[in-house]
Amino acid sequence: MPAVPEPSGDDFSRSGAQAYAAEWARAVRRLGFVPLSAAETERLLLVHTVRLAQGLLAGTFSAEPGEDVGRALVEAHLAEPGVLDWSVRALGERFLPEVLPARAASPAARERVAALQGALSAGFARALRDRTFSQQERIARSAWQARDTVEQALRDSEARFRAVFIGAAIGIGIAGVDGTILDVNQSFADMLGYTMEELREINVASLFHPDDAAGMWELYQELIEGKHDRARVEKRYYRKDGSIVWTDLAVSLIRYDDGRPRFTVAMIEDITERYELQQRLRFQALHDPLTGLPNRTLFFETLGHVFETARPEQRVGICFLDLDGFKAINDSLGHDLGDRLLIVIGRRLADCVAGRGHLVARMGGDEFVILVDSGDGIDDAVEVAELALAAVSAPVHVGDQQLAVSASIGIVECPAAETSASELMKAADTTLYWAKAEGRGRWAVYDPERSAADIARSALAAGLPAALDRGEFVLHYQPIVSLLDGAMVAVEALVRWQHPELGLIGPDRFIGLAEETGLIVRLGAWVLRQACRDAESWRRAYPDTRLVVSVNLAARQADDPAIVETVAEGLRTTGLPADLLQLELTESAVMGTAGEPLRALHQLADLGVRLAIDDFGTGYSNLAYLRRLPIHCVKLAGPFVEGIRADGVDAAADHRDERIVDALVRLAHALELWVTAEAVETGVQAERLRALRCDTGQGRWFGPPVPADQIRGRLAKGEAAA
């Protein structure tokens, strides 16, 4: 801000000038927008106050300072009309009394103030006019420049579009909303095999492939109706020569200024090679590379689609096929021959149902599956299974080998509304297992009741380890009685499962499961220890009796290298004398025993433990071998004893069974073995066995299996032999 020297002399009041400028500044800020701070505004107006004072005190008067101040106000953007009004009025009314009080009464001074008022107004008006003209000129110049810029941008944009349109490697076409092609580039024409002139005479709809024409025309209609601004799809077009080109099509809608559809611009890229590659990759992903059949992924996709679209009454069937003994072929003849065999089998399966429209898939390994869709019932599925078995069973020539192959098939067939894809396959897998278990080379049909039984059996097998840990097993004991005097000489320990949900379960339901899972060794060790504890407690309570406890050993227990230590530990920890423990082994488990198992039997006998052969007479006894075993007792198999009846139903058979028992007893006695007859159910049987010199009997006639405390009760009554 330029500095203005103050007037000299007593006429000028410095304090009055400052007060005047301060009041002027407040008025200006009150009357409109001021781009300066309050202090800056006051300093500016103080300069103008001093300048006006100098003009009034000049020896030769001129109104030019007033015009300068008016112009300066506009230049400082203090151009509100109210600012001019306040400035002119204050100059006439307050300037002389406040700034030049010595001249306030001078007529000449008042004339000079009036002249300054006019000059200030004129300068303010001229400056405001000049600024307005300048702004208008700048606006006009900017408008012209903007128009030129827009026109140039439009020309540039059109040039760029034309350059892209002509030189683009992808096809570009412009069409009206009625589908008429307005313009295309050379790439578009080359892609479809037309000339550009020919395409300009074609409607877009005529280029659509018939397989997707309806959907594409609907999409195009929605586009030109303004429902969408753009669309992108993969679609087919016909070339002029009739061949097909796969394209990636992107269509954009161009509108009028009022929003109405005007025309469409389509950009088309030839993706035929990419599409064919995708199809090859999809085929590889969904088909077995060895046989070329659909794989499990495609099978489950198809099966899922069947369930999604099935009518309520529609039926669906599965034939789940597995080759019998394929592993042996692979192991003996090699995997290469095995693969060639699978190729032949896969082709045969596909051919045998080719005319029926059923899907044949390879699930992996030597497993195949046939989807019997929309069949009329189980008969259709069975017919397909028999066709498949016949196709597989025909001799297969692979190289110089002729192979005889068979298969097992699990069949599941039911209404689609009653099951799901996963449940159907689970049932088919279960049924295939049944077919193999029943002898192979056959089919089996799913049975819900049998499946439920298998599931229950599996649940029992799964619960065995935890049941043993929780102490859910208990022992019952069945008396073994002397046929000579009726005294109880031994008891057989029989395990039961006190199931928390199913109640007391007999061994016929879980012993086989324990053997299959290997838990029989742990369970048998527990039975042995518990039986020894119970027997020792009876002995201590009734020392005058010698009651033998008989414990069954499964074949896996007998083969266990630790069996001798297990028995010895059981005797040692309970204190039971070894001669009061009898271990029962089945005839099939004992006969043929050699090596370490045979040594184990001798070691058990050396402990003083009694050894018995259970179910004697049902196996393949070798008498010479039997003499080498440290056996103390044989237990006659129940069927022989059951044949000794008194009902006269079959006297000849009854007499035959009696002679067999007589021969077995004589044989056992000749080998110096004790003989126990099992399954003695009647008094007549007991009498006949006594007459045949059988030593002891066991069965319902002498008492059922009972808990340990009931055996203690019989001991208290003195029923045991001393």
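**Helix α16 and several selected sites**

The buried residues of helix α16 are covered by a set of elements that includes α15 (421-437), β13 (473-482), β14 (488-499), β15 (503-505), α17 (511-517) and α18 (520-541). Helices (H or I, at least four residues) and strands (E, at least two) are DSSP runs, numbered from the N terminus, and a contact means heavy atoms within 4.5 Å. The model is predicted, so local features need pLDDT of at least 70 and side-chain atom pairs count only at pLDDT 80 or more, while totals for chains, interfaces and linings use all residues. Residues are numbered from 1 along each chain as its sequence is written, and side-chain values use heavy atoms, with hydrogens and water left out.

Which residues of α16 are buried? They are S451, L460, A461, G463, L464, A467 and L468. Here buried means under 20% relative accessible area, exposed means over 50%, and partly exposed lies in between (1.4 Å probe, protein chains only).

The length of α16 can be checked against an expectation. The expected span of a helix is 1.5 Å times one less than its number of residues. Because α16 has 23 residues (448-470), it should span 33 Å at 1.5 Å a residue, and the 32 Å between its end C-alpha atoms agrees with this.

Just after α16, G471 has a positive phi of about 75°.

Positive phi values also occur at two residues other than glycine. R440, in the loop between α15 and β12 (443-445), has a phi near 65°. R440 counts as partly exposed because its relative accessibility is 44%. R693, in the loop between α26 (683-691) and β21 (696-698), has a positive phi of about 65°. With a relative accessible area of 61%, R693 is therefore exposed.

A pair of helices comes next. The axes of α13 (residues 335-352) and α14 (residues 378-393) come within 9 Å and cross at roughly 145°. Axes are lines fitted to C-alpha atoms, for helices over the stretch in contact, and angles run from 0 to 180 degrees between N-to-C directions. Where the two helices meet, α13 contributes I345, R348, L349 and C352, and α14 contributes L387, A388, A391 and V392. A391 is buried because its relative accessible area is 15%. Leaving aside neighbours within four places in sequence, A391 is in contact with R348 and C352. The C-alpha atoms of A391 and S406, 15 residues apart in sequence, are 9.4 Å apart in space.

Beyond neighbours within four places in sequence, the residues in contact with T696 are I480, V481, S482, L483, V489, W674, V675, T676 and A677.

The last site links a strand to a loop. G364 is found in strand β7 (residues 359-364), and it counts as partly exposed because its relative accessibility is 29%. The C-alpha atoms of G364 and N295 are separated by 7.7 Å, although the two residues are 69 residues apart along the chain. N295 lies in the loop between α10 (272-286) and α11 (296-309). At 13% relative accessibility, N295 is therefore counted as buried. Its side chain reaches the backbone nitrogen of L298 at 3.1 Å. Not counting residues up to four places away in sequence, N295 touches A285, L286, H287, D288, A361 and R362.

Definitions and conventions
A polar contact is a pair of N or O atoms within 3.5 Å; within protein, one must be able to donate a hydrogen and the other to accept it, and residues adjacent in sequence count only if both atoms are side-chain atoms.
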